[in-house]
Amino acid sequence: MKTIHLQFIGKLQAKPAKEIKLNDAIIYNYGETSKVLSIIRETNKSIWFQLLSDRGKTYTKQYNKNTLLAFK
């Protein structure tokens, strides 16, 4: 498994955005997290997720499919 370094957290396990599944929690710098509610759209290079932040906000975010994301 690959790892990435997040600010104020350190090294965490990571996987490419294309391997993120429903209900995975994506971890960001400073410990913020977002739960994957749905996969909205996919192309050959990009993927769009509908996310629920730990603050209760729902939003859409686009990632390159090869971008490494920390998860839990």
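Two strands are said to pair here if DSSP finds at least two bridges between them, and the strands themselves are DSSP runs (E, at least two residues), numbered from the N terminus. By that criterion β1 and β2 form a hairpin with 3 residues between them, and Phe8 in the turn has a positive phi of about 65°. The model is predicted, so that local features need pLDDT of at least 70 and side-chain atom pairs count only at pLDDT 80 or more, whereas totals for chains, interfaces and linings use all residues. Residues are numbered from 1 along each chain as its sequence is written, and side-chain values use heavy atoms, with hydrogens and water left out.

**Hairpin and strand pairing**

**The turn and its nonpolar patch**

- Phe8 is exposed, with a relative accessible area of 73%, where exposed means over 50%, buried under 20% and partly exposed in between (1.4 Å probe, protein chains only).
- Ile9 lies in the loop between β1 and β2 and is partly exposed, because its relative accessible area is 35%.
- Phe8, Ile9 and Tyr30 make a nonpolar surface patch of about 380 Å²; such patches are made of residues with over 30% relative accessible area and no salt bridge, nonpolar side chains (Val, Leu, Ile, Met, Phe, Trp, Tyr) being joined within 5 Å and like charges within 9 Å.
- The accessible areas come from the Shrake-Rupley method with a 1.4 Å probe, and for residues only the protein chains shown count as cover.
- The C-alpha atoms of Phe8 and Glu42 are separated by 31 Å, these residues being 34 residues apart along the chain.

**Salt bridges**

- A search of the whole structure finds 3 salt bridges, each defined as a side-chain nitrogen of Lys or Arg within 4 Å of a carboxyl oxygen of Asp or Glu.
- Lys15 forms a salt bridge with Asp24, the closest N and O atoms being 3.2 Å apart; Lys15 is buried, with a relative accessible area of 12%, and Asp24 also counts as buried, at 14% relative accessibility.
- Arg55 and Glu32 meet through their side chains in a salt bridge of 3.0 Å, N to O, and this pair links distant parts of the chain, with Arg55 in the loop between β5 (46–53) and β6 (58–64) and Glu32 in the loop between β3 and β4 (33–42), 23 residues apart.
- In that pair Arg55 counts as exposed because its relative accessibility is 69%, whereas Glu32 is partly exposed, with a relative accessible area of 28%.
- Glu42 forms a salt bridge with Lys65, their closest N and O atoms being 3.0 Å apart, and the pair links distant parts of the chain, since Glu42 is in strand β4 and Lys65 in the loop between β6 and β7, 23 residues apart.
- Of these two residues, Glu42 counts as partly exposed at 46% relative accessibility, while Lys65 counts as buried at 15%.

Notes
Helix = DSSP H or I, 4+ residues; strand = E, 2+ residues; numbered from the N terminus.
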